[in-house]
Amino acid sequence: MKISSPETCGSEVISLWPPQQLEAMLDGGLARLKWEPPRVNAHAVAGYELERTSWWPGRPAQTTVLGRTEGAAACGFEDRTFQRDCMNEYRVRAVHRRFGMAGPWSFPAALYGFQYTGYERMVETLRRLGERWPEVCRIVDGGAAAREPYRIWCAVLGTDTRDRPDRPGVLLVGNVHAGEIDGGEVCIGLLERLLCDWGNGEPAARRLLERVQLRIIPFYNPAGRSVFESGFCGRGRKNLPARRVSVPVNPLLITDNWPSDRSDGIDPNRSFDVNWSDSAAAGEPGSSTYAGERPWLSPEATAMAAMAAAFHPQISIHYHGPGGYSLMPGNWRDGSPPSQRPLHLEIGREYTRLSNPEFANGGPLEVGLCGSASLQGAAHDWCYQEFYGAHFLAEGFSGQVPGDDRIPAVAGPGAIPELVETNLQALHWMGERVRGAGLEISVEDVAGRPLVARIEVGGAVDPHCKPQFTDPVHGRYRRILTPGNSYSLSVWSEGCLDVHLENIAVSAGRPTCLSIRMKPKPSLLP
Amino acid sequence: MIHDLDCLRLELQRARRAYLEEMQWLRERFGVIPSVPRHQVGPALWLALDALEANTADMLAAALKAFRKLHRSTTKLVVWHQLEETRHGLESIRAEAPELFARKLKLWNQASALFTNFNQSAGQSPTLNYRKALELLATL
């Protein structure tokens, strides 16, 4: 920046103008501010004064004079006292070199005092937990996220952490959209708490990890999330960091003091090949819900699908908010509802009841806590399409997250301990339920060797779901079902006689186990 | 009649372009990002909607007038703020530098006169005097 001296200008001006392009960014434990000198009369500037207003909906705003910089070209400041867990809105103004009076304030810049777990600390936490409890915790690198150096990490928990599609499985996925920070934090809290309980010999944790395999992906969208670690305020969904846009020229378009975000990339929760058709609109590339030109363009989706395919979860929670209101799989593109909707309602309502802290706080109990939405390419719909079972998109309740588009949609770090506690109760319940009412089928040949067989559960077939098979290693298939009904079963395997069973009762609390020995088809040749 | 409507629509387009050009000028020349007085947005918007619905020359003329008023008010607010800022500056140098104060006061009065004695002739930009006042304040 070039600033002419007062001598070269020849006259002494007293009118000061606003400094330009103020930006604020978090860098570790401090907020870095930078700006440019005023466009007019910069030579009359001796330095700058800074002011910060810290605010959050429902809390009193606090304005602090931060101090002064010396020199017209000294256009930077480090604020070590920025307020965590709230908005910090900065303004700067020039100070006259001779008379010391201050000019008009600049257009403001703001940052959110991010106080959650950063990506690097999350990776470190996973490594630490994996090393501390290797007998029940295996850390898996799911592959690169949409931008280096971020990767999608998964913790596999249980006394058997191998890829086991025959084990009862629950999948938790946090921070699905970039700005949905609370869910990721809850996942980390659950991991730590569960393993700590395991180490302390807590019976509930022992029971869960001995009988169920859990897979937890704390940060599903680490690249998109990263911008929030630097104090980005606003909202974002996509898998690349959101950007601030410049202030619109037309003042009528300035809806808030820091223009909304834009980013490249795609919405990683709209990238699965479910409810997708050629006629489905992918949306505008600039929109926050852009689905991409075709399915599977999001590396996050590919990674999650691989993690899920390794253990066929029968229940999964995809955290958008920190729990609470749950969206179950929506109607299919042809308008028909999923055939397993009663099961979804049963599990979704109980999960919602347990995970929603408004209950713990004595807040109002809403009935019918489970909704559905037909999205294109959503992860929970895809899980149902692949594995049947009950899969949910967990939203936060409005009471937890301030309804202000200018700020990140977070309940705040202060809410996390309670959210972890309530979600832990929900997780224990899901661990019981996933081993509860349903079918556990083992298929083998006459020699007792496991067989790959196609399974169809009559009375619970959804024509839109993928065909189901026993796993090739163990010849087993597991599926949760609504209790109190009776089902039929058809089993097909190459070279074997088909098996059809009727009136299979499924009662509450435990799976109905069936062991099927398939006979070979008689040979036509003599 | 149709000819009148076309002319008015053209005028409205010109007024809109002039408004945006002025906002750009304020940003580039002085680094000022104006704020719009909210209480003036509503009436202008309603008039524009009414004009769209009625599609008459009278209504279009009223909408055009309202938009120009909005434009003028937006720029006026910028000038008023800068007049206030410099007035405080003047007060703070009065005792310390009386000669400079006297010189600057003269300029400030000129700017203030341009701000208050608004006299727009036909074809003149609706904010010409405000622009002159701002240029004058930049030299204050």
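**Exercise 1. How many helices and strands does chain A have?**

Solution. Chain A has ten helices and 24 strands; both are DSSP runs numbered from the N terminus, helices being H or I of at least four residues and strands E of at least two. The model is predicted: local features need pLDDT of at least 70, side-chain atom pairs count only at pLDDT 80 or more, and totals for chains, interfaces and linings use all residues. Residues are numbered from 1 along each chain as its sequence is written, while chains are lettered from A and ligands numbered from 1 in the order in which they are written.

**Exercise 2. Describe the extent and burial of chain A.**

Solution. The C-alpha trace of chain A spans about 115 × 55 × 40 Å along its principal axes. Of the 526 residues in chain A, 51% are buried (20 or more other C-beta atoms, placed from the backbone, within 10 Å of the residue's own).

**Exercise 3. Locate the domains of chain A and characterise the contact of domain 2 with domain 3.**

Solution. The assignment, which is automatic or from a database, gives domain 1 (6-112), domain 2 (119-211 + 297-427) and domain 3 (438-518) in chain A. The C-alpha centres of domain 2 and domain 3 of chain A are 27 Å apart. Their contact takes 17 residues from domain 2 of chain A and 15 residues from domain 3 of chain A, contact meaning that C-beta atoms, placed from the backbone, lie within 7 Å. On the domain 2 side, helix 7 (341-355) and helix 9 (379-387) of chain A each supply at least two residues. By class, that side has nine nonpolar, five polar and three charged residues (nonpolar: Ala, Val, Leu, Ile, Met, Phe, Trp, Tyr, Cys and Pro; charged: Asp, Glu, Lys and Arg; polar: the others, Gly among them).

**Exercise 4. Which helix of chain B gives the largest share of the side that touches chain A?**

Solution. The contact takes 28 residues from chain B and 21 residues from chain A. Two or more residues of the chain B side come from each of helix 1 (2-30), helix 3 (57-93), helix 4 (98-116) and helix 5 (128-138) of chain B. The largest share, eight residues, belongs to helix 3 of chain B. By class, the chain B side has 13 nonpolar, ten polar and five charged residues.

**Exercise 5. At what angle do helix 4 and helix 5 of chain B pack?**

Solution. The angle is about 165 degrees, and the axes of helix 4 and helix 5 of chain B are 8 Å apart. Axes are lines fitted to C-alpha atoms, for helices over the stretch in contact, and angles run from 0 to 180 degrees between N-to-C directions. Helix 4 of chain B is therefore roughly antiparallel to helix 5 of chain B, a term for angles over 145 degrees.

How values were computed:
Contact = placed C-beta atoms within 7 Å. Buried ≥ 20, exposed ≤ 12 C-beta atoms within 10 Å, placed from the backbone. Parallel < 35°, antiparallel > 145°, perpendicular 65-115°, else oblique.
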